[in-house]
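Keep the 3D view open as you read.

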Amino acid sequence: MSKLRVATVWLSGCAGCHMSFLDLDEHLLDLAKAMELVYSPIADIKEFPEGVELVLVEGAVANSDNLTMARQVRQRSKAVVSFGDCAVTGSVPSLRNPLAVSDLLDTVYHEEGPGKVAKDGETDGMLPELLTRVLPLHHVINVDAFIPGCPPDPERIWVAVNALLNGESVQLSEEMRRFG
Ligand code: SF4
């Protein structure tokens, strides 16, 4: 039996959702029998591949790199799961939304920054451009399912992922949406 091609992606989040995934503990051994991890910050693979069957996306969409990655993930994946509160609602990264990007950069680099490392325009090419607002993933691309939580409970992750690994592709969507 061929293994399911699974990926995980880390946008603007704290990696806590990935840590919760690793807290599946012995379930990870079961997963390893049924899936092949083809892209993940855990595996440090550089290029998001074609033909991904299931991808869990952690983090909100906060900058131009996140946006490019989210679109690429959608193009190359069959099922996209919004993984954790930052992806589902924007959560912690979206706390900066009341601030203008210019005010934010000014505060970080000119007033509060370590050694005032950048002046106006000097961040060009150094940092991905910040979006004017931090967005939940489904505001940017179509999402097939949601796993909320900060971070999502490992048992919740297991129920959702295990359903797909058992071939319950239609039920999976329904089951996962129950958490949304
Ligand atoms: Fe971190 Fe919580 Fe956001 Fe996950 S949902 S990336 S644990 S802040």
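Asp144 and Arg74 join their side chains in a salt bridge, at 2.9 Å from N to O. The term salt bridge is used here for a side-chain nitrogen of Lys or Arg within 4 Å of a carboxyl oxygen of Asp or Glu. Helices (H or I, at least four residues) and strands (E, at least two) are DSSP runs, numbered from the N terminus. Asp144 is partly exposed, with a relative accessible area of 26%, and Arg74 also counts as partly exposed, at 21% relative accessibility. For these labels, buried means under 20% relative accessible area, exposed means over 50%, and partly exposed is what falls in between (1.4 Å probe, protein chains only).

Before going further, a word on what you are looking at. The model is predicted, so local features need pLDDT of at least 70 and side-chain atom pairs count only at pLDDT 80 or more, while totals for chains, interfaces and linings use all residues. Residues are numbered from 1 along each chain as its sequence is written, and side-chain values use heavy atoms, with hydrogens and water left out.

How many salt bridges does a search of the whole structure find? The search finds 3. Side chains of opposite charge can pair when their charged atoms come close. Look now at Arg76, whose side chain meets that of Glu47 in a salt bridge of 3.5 Å, N to O. Here too the pair links distant parts of the chain, with Glu47 in the loop between strand 2 (35-39) and strand 3 (52-58), Arg76 in helix 3 (residues 64-76), and 29 residues from one to the other. The side chain of Arg76 also meets that of Glu50 in a salt bridge, again given as 3.5 Å, N to O. Glu50 lies in the loop between strand 2 and strand 3, 26 residues from Arg76 in helix 3. Taken together, Glu47, Glu50 and Arg76 are linked in a network of salt bridges.

Next, find the ligand. Which residues are around the ligand? They are Gly13, Cys14, Gly16, Cys17, Glu58, Asp85, Cys86, Gly149, Cys150 and Pro151, where a residue counts as near if one of its heavy atoms lies within 4 Å. Helix 1 (16-22) and helix 4 (85-89) each contribute at least two residues to this shell. Sorted by class, the shell has 5 nonpolar, 3 polar and 2 charged residues. In this sorting, Ala, Val, Leu, Ile, Met, Phe, Trp, Tyr, Cys and Pro are nonpolar, Asp, Glu, Lys and Arg are charged, and the others, Gly among them, are polar.

Stay with helix 1 for a moment. Ser20 lies in this helix and counts as buried because its relative accessibility is 4%. Leaving aside residues up to four places away in sequence, Ser20 touches Pro151, Pro152, Asp153, Pro154 and Ile157; contact means heavy atoms within 4.5 Å. Met19 is also in helix 1, but Met19 is partly exposed, with a relative accessible area of 46%.

At 60% relative accessibility, Glu129 counts as exposed. Glu129 touches Asn63 and Ser64, not counting residues up to four places away in sequence. Glu129 and Val101 are 28 residues apart in sequence and 9.5 Å apart in space, C-alpha to C-alpha.

Finally, step back to the whole fold. The protein has 7 helices and 7 strands, arranged along the sequence as β-α-α-β-β-β-α-β-α-α-β-β-α-α. Of its 180 residues, 46% are buried. Among contacts between residues at least 6 apart in sequence, 80% join residues at least 24 apart.
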